[in-house]
Amino acid sequence: MMSEPIQARVISRERVLFEGSAESVVAPAANGQLGILPRHAPLMAALGKGVLKIRSGRQKTYYAVFGGFIQVKDNRLIMLVDKATAGADIDPAKAEEEVAALKTKLQAGDTKTEEWKRLVKDLEVARVCLHAASLAHD
């Protein structure tokens, strides 16, 4: 017997990104990946940066997620994300160019500057976006 899908909501500061039933959710927690299936035990966790994957039937939806919180309770999942972009809204070619450009800047820069530290963070963000875009456009 199939269990009832989990009811999921993903909310950013600007809008509701996803609302509906899901057979599974894989979320980037602050300390690793969290896999959520229907009837999951109650939990609350901080989100890190990474790709959020939501599977509803045969459809898979991907988001590049950067921080927030996730709560699972009574077969309902709520994610409040600090920042997120749908993988389908990211152009993989442009994301790849961004990663390459940031790598070039990093290789040429002085590793002791604040600018270099900012570029490292920007590269992490660009890689997450590229990963989400690649999965969504596959």
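**View 1. The largest nonpolar core has 25 residues, and Leu 52, Ile 70, Leu 77 and Met 79 have the most contacts inside it.** A nonpolar core is a set of buried Ala, Val, Leu, Ile, Met, Phe, Trp, Tyr and Cys residues joined through side-chain atoms within 4.5 Å. At least two residues of this core come from each of strand 1, strand 2, strand 3 (24–29), strand 4, strand 5, strand 6 and strand 7. Strands here are DSSP runs (E, at least two residues), numbered from the N terminus. Please keep in mind that this is a predicted model, where local features need pLDDT of at least 70 and side-chain atom pairs count only at pLDDT 80 or more, while totals for chains, interfaces and linings use all residues. Residues are numbered from 1 along each chain as its sequence is written, and side-chain values use heavy atoms, with hydrogens and water left out.

**View 2. Here we meet Ile 70 and its contacts.** Contact means heavy atoms within 4.5 Å. Setting aside neighbours within four places in sequence, Ile 70 is in contact with Ala 27, Leu 34, Ile 36, Leu 43, Met 44, Ala 45, Leu 47, Leu 77, Ile 78 and Met 79. Another core, of 17 residues, lies apart from the largest one and includes Ala 64, Leu 102, Cys 129 and Ala 132.

**View 3. Thr 61 sits in strand 6.** Thr 61 is buried because its relative accessible area is 17%, and buried means under 20%, exposed over 50% and partly exposed in between (1.4 Å probe, protein chains only). Beyond its neighbours within four places in sequence, Thr 61 is in contact with Leu 52, Lys 53 and Ile 54.

**View 4. Ser 12 belongs to the loop between strand 1 (6–11) and strand 2 (16–22).** With a relative accessibility of 9%, Ser 12 counts as buried. Its side chain reaches the backbone nitrogen of Glu 14 at 3.2 Å. Ser 12 also touches Leu 17 and Val 81, when residues up to four places away in sequence are not counted.

**View 5. Arg 39 and Asp 74 each have a positive phi, though neither is a glycine.** Most residues other than glycine have a negative phi. Phi is about 65° for Arg 39, which lies in the loop between strand 4 (32–36) and strand 5 (43–56). For Asp 74, phi is near 55°, and this residue is placed in the loop between strand 6 (59–73) and strand 7 (76–86). Arg 39 counts as exposed at 69% relative accessibility, and Asp 74 is exposed with a relative accessible area of 63%.

Note on methods:
Helices (H or I, at least four residues) and strands (E, at least two) are DSSP runs, numbered from the N terminus. A polar contact is a pair of N or O atoms within 3.5 Å; within protein, one must be able to donate a hydrogen and the other to accept it, and residues adjacent in sequence count only if both atoms are side-chain atoms.
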